[in-house]
Amino acid sequence: MIRTILLKNRPEGKPTPSDFEFVTDDVDLNIDAGELLLETAYVSVDPYLRGRMSDTKSYVPPFELNKPIQSGVIAKVLESKNEKLKVGDFVSGMLDWKTKQVSSGEGLIKVDGSKAPLSAYLGILGMTGLTAYVGLTQIGKPKSGETLVVSGAAGAVGSVVGQIGKILGLTVIGIAGSDEKVQLLKSKFGFDAGINYNTTENMTAAIAEAAPNGVDIYFDNVGGPISDAVLFNINQFARLIICGAISVYNNTELPKSISVQPFLIKNSALMQGFIVSNYAEIFPEAIKQLSTWLAEGKLTYTETVVNGFDEIPNAFIDLFEGKNKGKMVVKI
Ligand code: NDP
């Protein structure tokens with residue numbers, strides 16, 4: 001028996017469980033030469049999947065209606081006619097939301113569960129860790145002594161950005177959605193200060209207070225009013241790294257934002273968006289560095305692990321409610 005999750009409707013605003021459909025097939029999967037039979041072990045749910053659920057032009061094509069959704073998956077090889085992988089190996093790759101599936105092996109990377117927990121290859125040693133590393137180092141170009149502000153700071157990307165900032169000698173301020181998360185930023189991830197945007201009336205003033213020397217680097221995971229407030233605090237030659245804009249992903253109308261141009265002009269500041277996959281040439285260096293920092297205990301991580309294939313859509317929806325700390329993964 002194979003279970004699959006299809007995209008039933010393109011969500012209007014925030015996704016709901018009825019946008020997804022579960023189907024069950026009673027078929028035997030057979031593999032041909034070169035192929036693998038995979039069993040899903042962990043599924044990554046990520047905010048960017050929301051973009052693929054809409055029928056709009058982007059850097060990747062939208063999901064098709066009534067077809068399986070795909071995301072980062074860790075899977076176990078159950079059968080192999082592919083010389084590169086053997087039964088019992090674990091792989092990471094972009095795979096369907098299915099309990100079992102056949103793969104040609106293309107795009108799969110073998111992962112070693114004895115070196116790190118398997119789920120870590122979806123987070124700190126996977127896409128979100130790489131996003132933190134490449135965004136901060138390649139666009140942020142941090143210099144020791146500078147001040148870094150991170151939004152979405154207690155999430156998968158943000159919690160790693162802040163820690164790398166500390167390793168590189170920055171003063172790091174995190175913005176997150178609850179007092180518990182702000183506490184976690186300081187106690188577990190070593191941030192110097194944190195701001196709860198849900199209980200702070202004047203974010204511009206709160207950032208000014210937390211960053212008395214101004215903001216040199218802003219790692220933006222959320223966009224919207226939080227990011228507007230950061231703009232009022234940027235320094236000359238600030239770098240604004242535009243990684244994500246989760247606060248507007250579910251908007252049904254164009255957001256009303258302030259004009260960024262005067263802030264950039266007055267401060268000779270750089271604002272640059274990026275997509276992590278465009279930095280593939282530095283992934284080996286990045287993974288080596290992240291693994292070393294992890295082994296040295298300089299870097300740590302948190303996961304919110306949800307159990308069960310049935311819970312994949314809910315775990316995805318919960319990202320927009322801030323229910324995760326660190327990387328949200330579903331264990332099958
Ligand atoms: P997270 O683990 O940070 O999860 C999402 C978090 O966003 C929630 O926990 C919540 O935390 C916060 N959030 C939800 N709604 C809002 C809102 N309206 N306003 C402010 N914060 C909100 O996700 P990731 O770390 O995986 O991704 C972070 C960002 O980076 C996303 O925007 C994502 O799209 C982007 N991204 C971009 C990539 C790229 O290549 N450019 C690659 C990977 C991710 P809280 O409780 O603090 O509100």
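Which elements make a right-handed β-α-β unit?

1. In this predicted model, the right-handed β-α-β unit is made by strand 14, helix 9 (residues 312-318) and strand 15. Strand 14 and strand 15 run parallel and are joined by five bridges. Within this pairing, Val306 has Val330 of strand 15 as its bridge partner.

2. Strand 15 also pairs with strand 3, in the antiparallel sense, over three bridges. Here Ser44 is bridged to Val329 of strand 15. Because four of its five residues (327-331) are buried, strand 15 is largely enclosed by the rest of the structure.

3. Thr302 is located in the loop between helix 8 and strand 14 (303-307). The relative accessibility of Thr302 is 17%, under the 20% cut-off, so this residue counts as buried. Setting aside neighbours within four places in sequence, the contacts of Thr302 are Lys188, Phe189, Lys325, Gly326 and Lys327.

4. The largest nonpolar core comprises 44 residues, and those with the most contacts inside it are Tyr133, Leu148, Val150, Val161, Ile164, Phe219 and Leu290. Elements giving two or more residues to this core include strand 3 (36-44), strand 8 (147-151), helix 3 (156-167) and helix 8 (283-295). Helix 2 provides the largest share, six residues.

5. Apart from that core lies another, of 28 residues, with Val43, Val45, Leu85 and Phe316 among them.

6. Not counting residues up to four places away in sequence, Leu148 touches Leu136, Val161, Gly165, Leu170, Thr171, Val172, Ile173, Ile217 and Phe219.

Note on methods: Residues are numbered from 1 along each chain as its sequence is written. This is a predicted model: local features need pLDDT of at least 70, side-chain atom pairs count only at pLDDT 80 or more; totals for chains, interfaces and linings use all residues. Side-chain values use heavy atoms; hydrogens and water are left out. A nonpolar core is a set of buried Ala, Val, Leu, Ile, Met, Phe, Trp, Tyr and Cys residues joined through side-chain atoms within 4.5 Å. Buried means under 20% relative accessible area, exposed over 50%, partly exposed in between (1.4 Å probe, protein chains only). Contact means heavy atoms within 4.5 Å. Two strands pair if DSSP finds at least two bridges between them. A crossover is right-handed if, with the strands pointing away from the viewer, the path from the first strand over the helix to the second runs clockwise.
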